[in-house]
Amino acid sequence: MIGMLTLASTADAPGIFLSWGIFSIQLGNLIVIIAMFAIFALALVLPFPGGRRGK
Amino acid sequence: MTDPDQNEVDDTWTGRSRRWLLKVLPPDKLLPNTQPSYVATWIYLFGMGAIASLVFIVASGVILSLNGPMWYHVSSLGHFVNSVHLWSVEFFFFFMVIHMWGKFWMAAWRGHRILTWITGVISFAVSIVAAFTGYLVQTNFDSEWIAFQAKDAINAVGVGAWFNVTNFGQMFMWHILLLPAAVLVIVALHVVLVRAHGVVPPLDADDSDAQLVHQEASDGAIR
């Protein structure tokens, strides 16, 4: 029962929201979006190990 | 017994299907052991990352289905598998979005690959609905809040009576049977189309590149 109450309180945690005027976003979502942009950029510029092998 | 290769015209539907399949997807295209040199870059890896995440989603989903909500809400192992299911979905969308950005900016629908692009977009859309129904069947206050917020939007588009987000049983069936089946079928079709047409070359690839000349010739055969 204590476990269920802990779970319920965890589920109710609202998280951290960042707001600029009418725009509002949860911090976790913002971090994921920034990480996607970062990984996308790194994938374009980082050298691939093993070089350009293939047929 | 007659050798099928000896027949002048094999007009059975199985024979026609076999000839068509071997023409559009010969074994060396279906399971290639080499790839063009331009594939050796990180941006070509994210599609495979999404598929690897999908394998984890399905595997963890099967374990959750076998044990049920009381197990994954209360036991520590259940919590772990439930979290694996959630984070596999996070990685699935993470990799799929980067994969889509990469393919959009290299105009990956070139070279008769429009169906490959369309099936990718459809799999993205269906995956969003699958993830949404997942949030609806968490069996906690969060899912209840999401369902009652979403019902107005679903009613506004006119499908609320048929796709009732407050009907837990219906949403559960959509989440564990219909939508996973749809995602798996569309992703499988997407991968088969990638195999049939080959991996799209970068925009700045030289048209006279021997790899592309060979690829265009084989694409023409299955157009």
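Select B:F46 to begin: apart from residues up to four places away in sequence, B:F46 touches B:F95, B:I98, B:H99 and B:G102, where contact requires C-beta atoms, placed from the backbone, within 7 Å. This is a predicted model, in which local features need pLDDT of at least 70, side-chain atom pairs count only at pLDDT 80 or more, and totals for chains, interfaces and linings use all residues. Residues are numbered from 1 along each chain as its sequence is written, while chains are lettered from A and ligands numbered from 1 in the order in which they are written.

**Around B:F46**

Keep B:F46 selected and display the secondary structure: B:F46 lies in helix α3 of chain B. Helices (H or I, at least four residues) and strands (E, at least two) are DSSP runs, numbered from the N terminus. B:F46 is buried, because 22 other C-beta atoms lie within 10 Å. By definition, a residue with 20 or more other C-beta atoms within 10 Å of its own is buried, one with 12 or fewer is exposed, and one in between is partly exposed; C-beta atoms are placed from the backbone.

**The nonpolar core**

Select B:F46, B:A50, B:L54, B:F92, B:F95 and B:V183 together. These residues have the most contacts inside the largest nonpolar core, which has 22 residues. A nonpolar core is a set of buried Ala, Val, Leu, Ile, Met, Phe, Trp, Tyr and Cys residues joined through C-beta atoms within 7 Å. Two or more residues of this core come from each of α3 (46-67), α5, α6 (114-136) and α8 (168-197) of chain B. Domain 1 (42-105) and domain 2 (114-223) of chain B each give at least three residues to the core.

**The two domains of chain B**

Colour chain B by its division into domain 1 (42-105) and domain 2 (114-223); these bounds come from an automatic or database domain assignment. Between them, 11 residues of domain 1 of chain B are in contact with nine residues of domain 2 of chain B. On the side of domain 1 that touches domain 2, at least two residues are supplied by each of α3, α4 (69-74) and α5 of chain B. The largest share of that side, five residues, belongs to α3(B).

Select residues 76-105 of chain B, which form helix α5. Its 30 residues should span 44 Å at 1.5 Å a residue, and its end C-alpha atoms are 43 Å apart, which agrees; the expected span is 1.5 Å times one less than the number of residues. Just after α5(B), B:A107 has a positive phi of about 45 degrees.

Chain B averages a pLDDT of 89, and 88% of the residues score at least 70; pLDDT is the predictor's confidence in each residue, from 0 to 100.

**Chain A**

Finally, move to chain A, where the elements run α-β-β-α from the N terminus on. Select strand β1 (residues 17-20) and strand β2 (residues 23-26) of chain A, which pair in the antiparallel sense over four bridges; pairing requires that DSSP finds at least two bridges between the strands. A:W20 has A:F23 in β2(A) as its bridge partner. The two strands form a hairpin with two residues between them, and A:G21 in the turn has a positive phi of about 60 degrees. Of the 55 residues of chain A, 0% count as buried.

Note on methods
Contact = placed C-beta atoms within 7 Å.
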